[in-house]
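This report goes through one protein model, taking its domains, strand pairing and charged pairs in turn. The sequence and structure come before the text.

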Amino acid sequence: MEGLSGADADLVVYLHPSKSMKVSQGILRELSSLLFKFNKTFGGVLLAYDVNILDKQAKILSGVHPYFGLRLKANLLLFSPKSDMLLEGKVVKLSQESIHVIVLGFSSAIIATENIRGEFKYKTKDEEELFASRSHKRHVIKIGTMIRFSVKR
């Protein structure tokens, strides 16, 4: 699937002195707070990381007293979809106006009626909502279906 990319990053993590006895735990806590949130610096959503501590001794920061900084090298997995990329997702809701999809288990997307191919028609069959193809009887989109779609914006 498009939209996933890896990146190498040189980072500096600032920790409070209360974390000085458990530095690795403090670093992981700081990096974990960035997971599954959009970050302008990374240009996407951080999905995973692998970190190596470069400094064996931390440096106390002047002016930001009492915090200390540690230099890190991290491998990052980022999700940053752009226009015209193909993504895959699982349909979680259908209505006459839209198809609601979850991508990678955390990111939602909505496909509006004007962006659904003309061959699909909204139907309710046995109280189950679906989009059925007019040209292929077995080609249906219903809740739980995995679909591939193009990002518009």
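The sections below describe a predicted model, starting with the domains and ending with the salt bridges.

## Domain layout

The domain assignment of the protein places residues 4-79 in domain 1 and residues 85-151 in domain 2. Five residues of domain 1 and five residues of domain 2 take part in the contact between them. The C-alpha centres of domain 1 and domain 2 are 39 Å apart.

## Interface between the domains

The size of an interface is often given as the accessible area lost when the parts come together. For domain 1 and domain 2, the buried area is about 370 Å². Carbon and sulfur atoms supply 95% of that area. On the side of domain 1 that touches domain 2, the residues are five nonpolar, no polar and no charged.

What does the count of salt bridges between domain 1 and domain 2 come to? The count is zero.

## Strand pairing around β5

Strand β5 covers residues 68-79, and strand β1 covers residues 4-15. β1 and β5 run antiparallel and are joined by 12 bridges. Within this pairing, Ala7 stands opposite Leu76 in β5.

Strand β3 (residues 44-53) also runs antiparallel to β5, with eight bridges joining the two. Here Tyr49 is the residue opposite Leu76.

## Strand pairing around β6

Strand β6 (residues 86-94) pairs with strand β12 (residues 146-150) in the antiparallel sense, over five bridges. Glu88 faces Arg148 of β12.

β6 is also joined to strand β7 (residues 98-103) by four bridges, again in the antiparallel sense. The bridge partner of Lys90 in β7 is Ile102. Three residues lie between β6 and β7, and the two strands form a hairpin.

## Salt bridges

Side chains of opposite charge can pair when their charged atoms come close. The model has two salt bridges by the rule applied. One of the salt bridges is formed by Asp10 and Lys73, whose closest N and O atoms are 2.8 Å apart. Which strands hold Asp10 and Lys73? Asp10 is in β1 and Lys73 is in β5, so the pair links parts of the chain 63 residues apart. The strands that carry this pair, β1 and β5, are themselves joined by 12 bridges.

How values were computed
Residues numbered from 1 in each chain as written. Predicted model: local features only at pLDDT ≥ 70, side-chain atom pairs only at ≥ 80, totals over all residues. Heavy atoms only, no water. Domains from an automatic or database assignment. Contact = heavy atoms within 4.5 Å. Buried area = accessible area lost by both parts, 1.4 Å probe. Salt bridge = Lys/Arg side-chain N within 4 Å of Asp/Glu carboxyl O. Nonpolar A, V, L, I, M, F, W, Y, C, P; charged D, E, K, R; others polar. Pairing = 2+ DSSP bridges.
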